[in-house]
Amino acid sequence: MTDNPQDKAKLVDEITEVIASEGMIDRAKVTPDATIESLDLKSVDIVMILTALEEKFNVYIPMDGSLQEAKDVKSLIEAIAEHITKEREKS
Amino acid sequence: MADLREGEARAAAGAPSGRPAGSGRVVVSGMGAVSAAGIGAQELWRAARDGASQVRELRTEIPYDGRIKIAAQVPLYEPSAHIEAAVLPFCDPFTQYAVIAADEAMAQAGLGRDDIAGPRTAVIIGTGIGGMTTVDRGLYRYYVQSIRPEPLTVPRIIPSTAATTLGMRYSCLGPTFAIGSACASASQSIGLGLQMIRFGLADRAIVGGSEACVVNGCMRAWEALRVLTPDFCRPFSKGRNGMSLGEGAAVFILETLESALARGHAPLCELVGYGTSSDAKDPVRPDVAGASSAIALALADAGMSPGDIHYVNAHGTATHANDMTESEAIIAVFGDEHGRAVPVSSTKPVHGHALGAGGGLELSITISALREQIAPPTINFLEADPRCPIDAVPNVARKISIKAAMSNSFAFGGINAVLIVRALDHDD
């Protein structure tokens with residue numbers, strides 16, 4: 001479904017919203033090239049973000065694995081989107 | 001057993017405690033384990049050595065609505081075959097595991113029920129949580145089913161119940177308590193038992209750890225932390241994505257070398273070093289400095305240099321952070337050459353992360369590795385991660401020469417505990 005650019009954009013937008021609200025960051029600061037460090041996202045914030053994403057998208061995303069490779073918002077969102085897309089394809 | 005009563009006479013006579021007579025060397029005279037591999041330290045060792053994962057489909061009494069449906073659970077067994085009918089109602093599974101493991105350890109140590117009775121035997125059994133199964137079922141009954149709690153709920157859930165139940169079983173009157181240091185509980189209990197004997201506070205100690213928390217509420221709580229893998233636990237490997245929860249107990253009988261030899265018992269090995277420290281930094285993130293300091297303290301306590309350690313049983317949880325931090329800590333203390341070369345395996349993909357029992361199960365495996373001269377493998381290993389530049393003994397056990405071995409435990413909250421065991425020479 002993420003082959004559809006509109007769906008993809010919607011998904012990215014929804015994930016960005018969750019990162020901003022759960023990470024308690026100004027939505028305007030959550031830009032694709034912002035680094036995770038610059039947003040001061042700690043492991044506890046990531047847990048809260050992943051919990052909110054589970055409730056919203058019905059998908060379990062572990063802390064470890066692909067998420068740990070993400071250095072900026074763009075790659076973090078991509079890693080999360082990949083989990084969600086895979087889960088949707090399964091169901 | 002007259003020789004074992006010496007300390008009691010000393011205590012009764014009001015003699016001051018001090019360093020024990022003799023060399024002050026402490027040995028492991030017997031060990032026992034209950035794990036996902038079943039009942040018995042040998043069963044656990046066999047699974048670890050053969051890389052036979054005991055992580056299976058999750059089994060719960062109440063249907064589980066979580067997403068992680070795998071764990072390393074103790075297989076079903078008949079408690080009444082191991083524990084008397086009068087005692088059993090007081091035993092949450094975490095106490096049952098401790099009793100079964102302790103009976104095995106006592107038998108291997110050549111000790112009967114009353115042989116170490118008295119004030120000179122300490123009992124220290126660690127647990128991360130205590131009677132979690134009783135808590136979980138009790139709350140379900142109370143809140144969901146509106147049924148009164150089980151009458152024996154309180155004595156069953158107390159974290160020190162495993163220790164006090166063993167004390168009653170073998171009539172041990174010495175210092176008896178639980179250590180609750182999350183995933184370092186068992187290792188700290190074993191280490192403190194060693195120190196108490198060395199410092200003359202006890203002549204012998206029943207030590208170890210026990211945990212039984214693979215139940216719905218606890219599984220869901222661990223899921224919430226996002227550290228559980230949905231598929232395979234792969235410590236130190238590329239593509240690792242977390243741990244599998246485990247459970248069980250491991251119990252060890254500690255005494256002085258002289259005491260064991262005097263009664264004609266051949267100990268399993270010498271418990272030669274213990275180091276413990278705290279990161280004092282973060283509730284969940286590990287720390288290189290803290291882990292390194294515990295490793296260095298254990299070596300100093302053993303009077304050993306890093307080159308004397310021929311095998312390390314790692315904490316190796318398969319979380320991204322632990323495995324990087326632990327690799328860095330080992331290399332920081334052992335040096336670049338030996339740190340990258342010494343076999344370091346994590347057996348957690350086999351028996352799961354047993355939390356407060358973890359360090360005990362892993363010490364039991366470490367002792368078997370020492371005695372059989374085999375480094376058990378780190379299974380589910382896909383490919384080396386350059387950020388974990390250690391030799392993880394990927395997938396296949398290795399025959400090596402081991403004179404001394406180390407077991408690491410690093411807990412949430414930043415508590416670190418490291419133990420070192422050494423083979424006894426024929427002339428000891």
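## Around B:Cys213

Leaving aside residues up to four places away in sequence, B:Cys213 is in contact with B:Ile129, B:Met132, B:Cys218, B:Glu247 and B:Leu355. Keep in mind as you explore that this is a predicted model.

Where does B:Cys213 sit in chain B? Look in the loop that links strand E7 (204–211) to helix H8 (216–224).

## Strand E9 and its partners

Next, have a look at strand E9 of chain B, residues 269–278, where 9 of the 10 residues are buried. Strand E1 (residues 26–35) of chain B runs antiparallel to E9(B), and 3 bridges join them. In that pairing, B:Val27 stands opposite B:Glu270.

E9(B) also pairs with strand E15 (residues 415–422) of chain B, again in the antiparallel sense, this time over 8 bridges. Here B:Gly275 has B:Val418 of E15(B) as its bridge partner.

## Chain B as a whole

Zooming out, chain B contains 14 helices and 15 strands. Its radius of gyration is 20 Å, close to the 22 Å given by the globule rule for 428 residues, so chain B is as compact as a globular protein of that length. The C-alpha trace spans about 60 × 60 × 40 Å along its principal axes.

Of the 428 residues in chain B, 58% are buried. Among contacts with a separation of 6 or more, 81% are between residues 24 or more positions apart.

Conventions:
Residues are numbered from 1 along each chain as its sequence is written. Chains are lettered from A and ligands numbered from 1 in the order in which they are written. This is a predicted model: local features need pLDDT of at least 70, side-chain atom pairs count only at pLDDT 80 or more; totals for chains, interfaces and linings use all residues. Helices (H or I, at least four residues) and strands (E, at least two) are DSSP runs, numbered from the N terminus. Two residues are in contact if their C-beta atoms, placed from the backbone, lie within 7 Å. A residue is buried if 20 or more other C-beta atoms lie within 10 Å of its own, exposed if 12 or fewer, and partly exposed in between; C-beta atoms are placed from the backbone. Two strands pair if DSSP finds at least two bridges between them. The radius of gyration is taken over C-alpha atoms; the globule rule is 2.2 Å times the number of residues to the power 0.38.
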